[in-house]
Amino acid sequence: MPEIYASGIDVSQFNGNLDMNALKGRVDFIIIRCGYGSDYAFQDDTQYRANVDKCLAAGIPFGVYLYSYAKNTEMARSEAAHTLRLLRGLRPLYGVWYDVEDPTLPYGEALVNNCLAYYQAIRQAGYYCGIYASLYWMRNRLNSPRLAHIDRWVAQWAPQLDYPGAGIWQYSDRGQIGGKIFDMNRAYRDYPAIINGEDWTDMTAEQVAQLARKQAQEVYQENEQRYKTIDDVPQWARAAVEEVYTRLGLRGMGSGQDKKLNGSATYVRALYVIWKLLEELDGKERIAGELEQKETRQEERLEEAP
């Protein structure tokens, strides 16, 4: 387990009116929700400004996060504008975090593109930026090598963190301080030092490259074995794949274990193209057959003519 630099909490309007005197000396930092969704004032967190002012008065370092509902990069950039509007004049020493966990968010590259759009806008404005999500999301929906350079705040409510390299671990949602319940966090980086100009990662360039290669290989392997059986193939291509397997005598069709495919998306598309070619050949053979029959009938009629 890496060294713990600081311990803190994250808060939003749902934590109510906070008593900073009860928190001072018991937390090293607080990450404050600034709002949610696109850049509309009615989507600002109602306690955000009060929480910031209280942290400033108490001398407690803080970060901010925004909860995402972005369906596309245009909305993600609006969410970045929302965050930047609320950051004017502030220097959050525990960074800016993009909270990516809502079940309505898109999948695959669309989600990756959203994260990059938000991250780039925040970084271009001069702020430190990372991504917040659960361990499951980090492993399964945010594991793109395109995001490998972005810091992670991982939610895993468990005795230990199972995500190497995370900057912050949210280890509990049941921490009690001063009679109130909070999400509890541990920071594994010295964020005030990082944000004041030091490099955020303790990995070498080669280690970063190795991590990116490993993640890229995992994505490749996942795509190469996407369709375990014929039944896993998308509906639009399933009939085509079955017909090609049957007509060309390919192995794998049948029942039980013999129905395994272990095919990539590229392989399925190739089978679909082969099916189209077979259809084309069938059509040409049919036309050739019809022409041959027509010619035969004409010859027969000529022979029968007086």
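Among contacts in the protein between residues at least 6 apart in sequence, 62% join residues at least 24 apart. The model is predicted. The protein holds nine helices and ten strands, and 42% of its 306 residues are buried. Its accessible surface comes to about 17000 Å², with 50% of that belonging to carbon and sulfur atoms.

- Eight strands close into a barrel in the order 1-2-3-4-5-6-7-8, and the pairing is mixed. From one strand to the next, the twist averages 30°.
- Strand 1 (residues 6-11) pairs with strand 2 (residues 29-36) in the parallel sense over four bridges. I9 has I30 in strand 2 as its bridge partner.
- Helix 2 (residues 48-58) packs on the sheet and touches strand 1, strand 2 and strand 3 (62-67). The direction of helix 2 makes about 160° with that of strand 2.
- Helix 3 (residues 73-87) also packs on the sheet, where it touches strand 2, strand 3 and strand 4 (96-99). The direction of helix 3 makes about 150° with that of strand 3.

**Strands 3, 4 and 5**

- Strand 3 and strand 4 pair in the parallel sense over four bridges, and Y67 has D99 in strand 4 as its bridge partner.
- Strand 4 and strand 5 pair in the parallel sense, again over four bridges. Here the bridge partner of D99 is Y132 in strand 5.
- Strand 4 is covered on both faces: V96 and Y98 are buried on one side, W97 and D99 on the other.
- Strand 5 (residues 129-134) is mostly covered, with five of its six residues buried.

**A buried loop residue**

- L142 lies in the loop between helix 5 (135-140) and strand 6 (151-155). L142 counts as buried because its relative accessible area is 0%, and the cut-off for buried is under 20%.
- Beyond its neighbours within four places in sequence, L142 is in contact with V100, L111, C115, I131, A133, W137, L147 and R152.
- One of these contacts, I131, is eleven residues from L142 along the chain, and the C-alpha atoms of the two are separated by 9.2 Å.

**Salt bridges**

- The whole structure has six salt bridges.
- D44 and R85 meet through their side chains in a salt bridge (2.9 Å, N to O). This pair links distant parts of the chain, with D44 in the loop between strand 2 and helix 2 and R85 in helix 3, 41 residues apart.
- D44 is buried at a relative accessible area of 17%, whereas R85 is partly exposed at 24%. D39, D44 and R85 are linked in a network of salt bridges.
- E109 forms a salt bridge with R146, and their closest N and O atoms are 2.4 Å apart. E109 is in helix 4 (residues 108-124) and R146 in the loop between helix 5 and strand 6, 37 residues apart.
- Both partners are partly exposed: E109 has a relative accessible area of 45%, and R146 has 35%.
- R189 forms a salt bridge with D151, the closest N and O atoms being 3.4 Å apart. R189 is in the loop between strand 8 (180-187) and helix 6 (191-195), while D151 is in strand 6, 38 residues apart.
- R189 is buried at 10% relative accessibility, and D151 is buried at 2%.

**Surface patch**

- L248, L250, Y267 and I274 form a nonpolar patch on the surface, with about 300 Å² of accessible area together.
- Y267 is in helix 9 (residues 265-304) and is partly exposed, with a relative accessible area of 32%.

How values were computed. Residues numbered from 1 in each chain as written. Predicted model: local features only at pLDDT ≥ 70, side-chain atom pairs only at ≥ 80, totals over all residues. Heavy atoms only, no water. Patch = residues over 30% accessible without salt bridge, like charges linked within 9 Å, V, L, I, M, F, W, Y side chains within 5 Å. Areas by Shrake-Rupley, 256 points an atom, 1.4 Å probe, with all protein chains shown as cover. Salt bridge = Lys/Arg side-chain N within 4 Å of Asp/Glu carboxyl O. Helix = DSSP H or I, 4+ residues; strand = E, 2+ residues; numbered from the N terminus. Buried < 20%, exposed > 50% of the residue type's maximum accessible area, 1.4 Å probe, protein only. Pairing = 2+ DSSP bridges. Axes fitted to C-alpha atoms, helices over the stretch in contact; angles between N-to-C directions. Contact = heavy atoms within 4.5 Å.
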